[in-house]
Amino acid sequence: MSVRYLGLAPYLYYLDATEAVDWLVRVFGFTEKVRFVDSAGLVFQARLGVGDGEIQLACAGEDYWEAKGVEGPVGQLNIVYVDDVDAQYERVCTALGKGSDVSTPQDQPYGARVFTVADIGGNTWTFWQQVSKAVELPSGWREIRPGLEDPDQPTTTTRASNG
């Protein structure tokens, strides 16, 4: 019997999940689906909608991290696919204001236009728009895709490496 995957949701930890929910909704435009709060009204767990997907997040205090032997959440890279990376970049820059640390959107050799920003919990977010199917690989590299009849046939363009 095979299993049908229904989706994937990163589970992110924040020292202040209430602040994280508000920040992610305000800055990125994510949609709050549900929050679970303690008796003081502070978020201990939440789900946010991101297009057809979602993320889950939780509050994990200093005691939790001490028990793991680290100072706090270590962060992770999250990629969010968008249809207009430049519009999302403008949204993020406007929400964060001047002096924010947001990389400028740039075209990549793998056919994407991307920019990256860190959130208030130390997680990195890359907003990604696929703009081309062409992939430029360094000389000697090749792309292999399952099911390709002749894997030695070039499926990408190559460029000489600079190093």
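Predicted model: local features only at pLDDT ≥ 70, side-chain atom pairs only at ≥ 80, totals over all residues.
Visitor: What is the pattern of helices and strands along the protein chain?

Guide: The protein chain has 3 helices and 10 strands, and when it is read along the sequence these follow the pattern β-α-β-β-β-α-β-α-β-β-β-β-β.

Visitor: Why is Gln-130 called partly exposed?

Guide: The relative accessible area of Gln-130 is 45%, and because buried means under 20% and exposed means over 50%, a value of 45% falls in between, so Gln-130 is called partly exposed. This residue lies in strand E8, and, leaving aside its neighbours within four places in sequence, Gln-130 is in contact with Tyr-110, Gly-111 and Ala-112.

Visitor: What makes a set of residues a nonpolar core, and which members of the largest one touch the most other members?

Guide: The members must be buried residues of kinds such as Leu, Ile, Phe and Trp, joined through side-chain atoms within 4.5 Å. The largest nonpolar core has 26 residues, of which Leu-24, Phe-28, Phe-30, Ile-55, Leu-57 and Trp-125 touch the most other members. Among the elements that each supply at least two residues of this core are helix H1 (17-28), strand E4 (53-59) and strand E8 (124-130), and H1 gives the most, with 7 residues. Leaving aside its neighbours within four places in sequence, Phe-30 is in contact with several residues, including Leu-24, Ile-55 and Trp-125.

Visitor: How many residues of the lining of the largest pocket are nonpolar, polar and charged?

Guide: The residues of this lining divide into 13 nonpolar, 8 polar and 2 charged, and Gly is counted among the polar ones. The largest pocket has a volume of about 360 Å³, and of the 23 residues that line it, the closest to its centre are Val-50, Gly-51, Ile-79, Val-80 and Tyr-81. The largest share of the lining, 5 residues, comes from E5.

Definitions and conventions. Residues numbered from 1 in each chain as written. Heavy atoms only, no water. Buried < 20%, exposed > 50% of the residue type's maximum accessible area, 1.4 Å probe, protein only. Helix = DSSP H or I, 4+ residues; strand = E, 2+ residues; numbered from the N terminus. Contact = heavy atoms within 4.5 Å. 1 Å grid on protein atoms, 1.4 Å probe; cavity = no way out; pocket = protein on both sides within 12 Å on 5 of 7 lines; lining within 4 Å. Points joined across faces, edges and corners; volume = space filled by probe spheres on them.
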